[in-house]
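Q: Please show me the model. I would like to go through the labels used for it and ask what each one rests on.

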Amino acid sequence: MSDFLLKGGRVVDPSQSLDETADVLVIGDVVQGVGARVANDAAGRDGLETIDCSGLVVSPGFIDVHCHLREPGREEVETIATGARAAAAGGFTAVCAMPNTDPVTDNQAAVGFIIRQASLANGARVYPIGAISVGQRGEALAEFGEMVSAGAVAVSDDGKPVASAHLMRTALEYARTFGIPVADHCEEPTLAKGGAMNEGVVSARLGLKGVPSEAEEIMAIRDILLARRTGGHIHLCHMSTRGSVELIRWGKERGINVTAEVCPHHLSLTEDAVDGYNTNAKMNPPLRTADDLAALRDGVRDGTIDLIATDHAPHHYDEKEREFADAPNGIIGLETALAVNITWLVASEVIDLGVLIERMSCAPARTFKLAGGSLRRGSPADVTAFDPNAKWVVDPARFKSKGRNTPYTGQTLQGRVRLTIVGGRVVHRADA
Amino acid sequence: MIPALGKDLLGLEPLSGEQIKLILDTAEPFKEISERAIKKVPTLRGATIVNLFFEASTRTRVSFEFAEKRLSADTVNVAASGSSVSKGETLVDTARNLEAMRIDMVVIRHGASGAAKFLAERIESNVINAGDGTHEHPTQGLLDLLTLRDQFGHIEGIKVCIVGDVLHSRVARSNIWGLTKMGAEVAVCGPRSLLPNAIDELGVTVFDRVDEAIEWADALNVLRLQLERMTAGYIPSLREYNRVFGISRERLERAPRELVVLHPGPMNRGVEIDSDVADGPFSVILDQVTNGVAIRMAVLYLLSGGRPELAEAAKTGDGRRAAGGGRETAGGKRDDE
């Protein structure tokens with residue numbers, strides 16, 4: 001670890017309403033200050049490295065509250081180390097790992113294992129999310145208290161949605177005791193059963209079983225109402241429909257403790273991407289319609305949708321190289337998230353860079369009560385610098401992730417991460 | 001200009017009306033071969049064709065096999081059980097292994113929508129879709145079109161209603177594309193639980209009452225009702241289905257005009273269609289089966305690079321040589337004239 005002066009960048013830190021050309025001084029593992037004069041504080045310090053950030057945006061590091069790192073259980077697909085380095089390459093300084101591992105992360109020992117692996121990873125910080133139910137079976141509550149003590153920051157049965165309204169109610173009440181959010185993958189199982197894509201005209205044409213929007217919306221409103229009943233914090237994962245945005249807005253207007261996330265792919269692609277049976281456009285929830293996409297963008301702009309998360313879901317090449325209905329759901333996202341968001345949201349003026357950084361850094365930190373998300377003096381030195389104008393062609397062979405399953409292969413995207421600092425250590429650096 | 005079919009026949013959705021008409025016209029001269037005492041011409045002599053059937057099929061497989069044999073192709077039938085598929089081999093490995101044996105064409109039937117396209121994108125042989133999941137069954141759609149054209153003399157302007165489980169039917173999809181591209185008016189009729197939610201967006205009319213459909217239509221294409229739809233909860237009972245949607249003689253006799261009744265088979269007599277209709281004067285069900293062989297001969301001939309205007313001549317010689325080219329002309333690189 002050394003000290004850094006990030007010099008001459010455009011510092012965008014929505015946590016302190018900052019957007020100006022300035023220097024950022026990192027001393028040890030904290031941000032010492034931001035401004036035109038911090039260089040003076042640093043003058044004469046031994047071992048100070050000055051990094052020229054002119055032409056770059058310097059922001060608090062991005063935080064992804066939703067990714068799948070596959071370890072333990074599927075280390076051939078991703079490990080905590082490769083996932084943490086992929087995150088760093090994407091400008092993320094912290095990620096939250098979903099518990100649908102094998103075995104399921106449903107106890108303090110499993111949480112401790114992830115913390116230990118993450119400490120060896122030399123990438124982004126990794127915060128475990130514990131399971132809601134033992135084995136994600138949707139029956140008995142997992143031991144939230146012990147998992148939180150071991151380092152879990154939230155609970156979720158992501159991938160195996162909680163079908164029982166009673167279990168969800170209990171989880172919200174019990175999680176409230178420990179001050180953690182309950183993150184739910186909203187999917188009404190009987191409606192979604194066997195579905196491979198959005199239900200609509202494309203599924204009718206392709207002869208694929210569809211998942212109707214209502215499968216998500218029914219569970220979204222169930223969860224919102226249970227949050228109203230219990231006072232617990234419900235966090236709705238990867239929202240994909242106009243109806244969900246409207247239901248969240250309804251909940252927030254009534255002061256219900258609901259937060260929500262959306263993924264970059266749901267803000268950039270529609271069900272048309274599935275045409276031709278493209279298994280790299282298969283995910284759950286599925287890509288929806290242009291109308292849903294417009295509503296989600298509005299939600300990101302006005303804050304109804306609190307934050308953007310990747311749902312990074314690596315799969316082995318062979319698993320995706322098969323018949324559409326049999327291919328697994330999910331795409332990787334850590335190394336394309338920023339560029340997809342800049343290309344489809346900032347360059348097309350849906351939101352400005354300040355809002356994007358708010359949704360990718362400040363809001364995730366706030367929502368999951370994580371360190372970071374700010375460059376205020378004394379904050380952890382989790383900093384990202386990126387070139388918002390650099391264009392690059394997506395070549396999955398160059399990813400740090402073991403996953404190659406992305407629908408953006410060959411596309412030219414705008415926005416490239418140049419520097420990622422976690423706790424005062426450079427974990428990713430890519431000069432122009 | 002002659003519109004080429006391209007390398008594969010994966011569905012009728014990607015084809016133009018002109019291309020569909022080309023296949024139907026090419027089938028005409030092939031009809032006669034099956035009426036001969038010696039039902040064999042040398043057109044595809046030397047071509048190797050694999051019939052790769054991952055789902056049980058009698059009619060379609062036999063129809064393809066007759067079409068191939070009557071054109072003198074060498075054929076091999078691979079059924080999913082009894083092959084490496086049952087040992088867990090993936091579709092792509094199965095295909096690549098077959099191709100390594102230097103085959104010319106694959107006819108594939110598979111339970112997954114998109115399987116034929118998946119295969120076609122990964123091997124160089126011509127691929128013919130013999131039914132993929134609930135997506136398309138293009139040769140069935142084509143033989144239905146040929147049968148209708150035989151009956152009415154034309155397809156443009158005729159009114160065809162597809163009756164039954166459209167949601168799960170690849171026959172329905174191929175018929176909808178083929179008929180609309182050829183200028184027919186298309187309607188569907190069935191329980192709403194067995195129609196795609198977005199059916200209106202496919203350019204078809206919906207009838208909830210089969211009697212209204214019968215009053216409107218020139219022809220009915222009656223789909224097979226898979227018995228498992230009842231156990232899966234899409235309809236309450238076969239008895240009620242027959243009472244509400246079954247095609248009976250009594251219903252047909254109330255029609256303002258004589259209807260033509262098609263069925264892709266195999267039939268559930270007494271469920272979607274009554275026996276006195278299936279075996280009655282309006283039924284063209286066996287004509288469909290006969291036409292199926294001619295259609296499949298036409299598709300095999302065209303994909304192998306044969307020229308449609310030479311189909312008649314091709315019957316007496318090597319068709320691909322008569323076409324003045326070979327397999328390399330199949331990809332649309334044929335001269336425009």
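Q: Which residue of β3(B) stands opposite B:V50?
A: B:V106 of β3(B) stands opposite B:V50. This is a predicted model, in which local features need pLDDT of at least 70 and side-chain atom pairs count only at pLDDT 80 or more, while totals for chains, interfaces and linings use all residues. Residues are numbered from 1 along each chain as its sequence is written, and chains are lettered from A and ligands numbered from 1 in the order in which they are written.

Q: What joins strand β1 of chain B to strand β3 of chain B?
A: β1 (residues 48-53) and β3 (residues 105-110) of chain B run parallel and are joined by 5 bridges. Two strands pair if DSSP finds at least two bridges between them. With 5 bridges, β1 and β3 of chain B therefore count as paired. A strand itself is a DSSP run of E with at least two residues, a helix is a run of H or I with at least four, and both are numbered from the N terminus.

Q: What makes β2 and β4 of chain B edge strands?
A: The open sheet of chain B has 4 strands in the order β2-β1-β3-β4, with parallel pairing. β2 (74-79) and β4 (126-132) of chain B are edge strands, as each pairs on one side only. On average, neighbouring strands of this sheet are turned by 15 degrees against each other, direction ignored. Such angles are taken between axes fitted to C-alpha atoms (for helices, over the stretch in contact), and run from 0 to 180 degrees between N-to-C directions.

Q: What makes the buried residues of α3 of chain B line one face of the helix?
A: In α3 (residues 91-100) of chain B, the residues B:L91, B:T94 and B:A95 are buried. Seen down the axis of α3(B), its buried residues fall within an arc of 95 degrees, and so they line one face. The arc is that of the directions from the helix axis to the C-beta atoms. An α-helix has 3.6 residues a turn, so residues three or four places apart point the same way. The face of α3(B) turned away from its buried side carries B:N97 and B:A100, which are exposed. A residue is buried if 20 or more other C-beta atoms lie within 10 Å of its own, exposed if 12 or fewer do, and partly exposed in between, with C-beta atoms placed from the backbone.

Q: What covers the buried residues of α3(B)?
A: The cover includes α4 (115-120) of chain B. After α3(B) comes B:R102, whose phi is positive, near 60 degrees.

Q: Why is β8(A) called largely enclosed by the rest of the structure?
A: 6 of the 6 residues of β8(A) are buried, so the label applies. On one side these are A:R125, A:Y127 and A:I129, and on the other A:V126, A:P128 and A:G130, which leaves both faces covered.

Q: Which strands of chain A flank β8(A)?
A: β7 (residues 92-97) and β8 (residues 125-130) of chain A pair in the parallel sense over 4 bridges. A:C96 stands opposite A:Y127, and A:A97 stands opposite A:P128. β8(A) is also joined to β9(A), in parallel, by 2 bridges. Pairing needs at least two bridges, so β8(A) and β9(A) meet the cut-off. In β9(A), the bridge partner of A:G130 is A:V155.

Q: Where are the edges of the open sheet of chain A?
A: The sheet has 8 parallel strands in the order β6-β7-β8-β9-β10-β13-β14-β15. β6 (62-67) and β15 (307-308) of chain A each pair on one side only, which is what an edge strand does. Helix α5 (residues 165-178) of chain A packs on this sheet, touching β9 (154-156), β10 (182-184) and β13 (234-236), and its direction makes about 150 degrees with that of β10(A).

Q: How many residues of domain 1 of chain A are in contact with domain 2 of chain A?
A: The domain bounds come from an automatic or database assignment, which gives domain 1 (3-58 + 380-429) and domain 2 (61-367) of chain A. 30 residues of domain 1 are in contact with 44 residues of domain 2 of chain A, where contact means C-beta atoms, placed from the backbone, within 7 Å. The largest share of the domain 1 side, 7 residues, comes from β17(A).

Conventions: Two residues are in contact if their C-beta atoms, placed from the backbone, lie within 7 Å.
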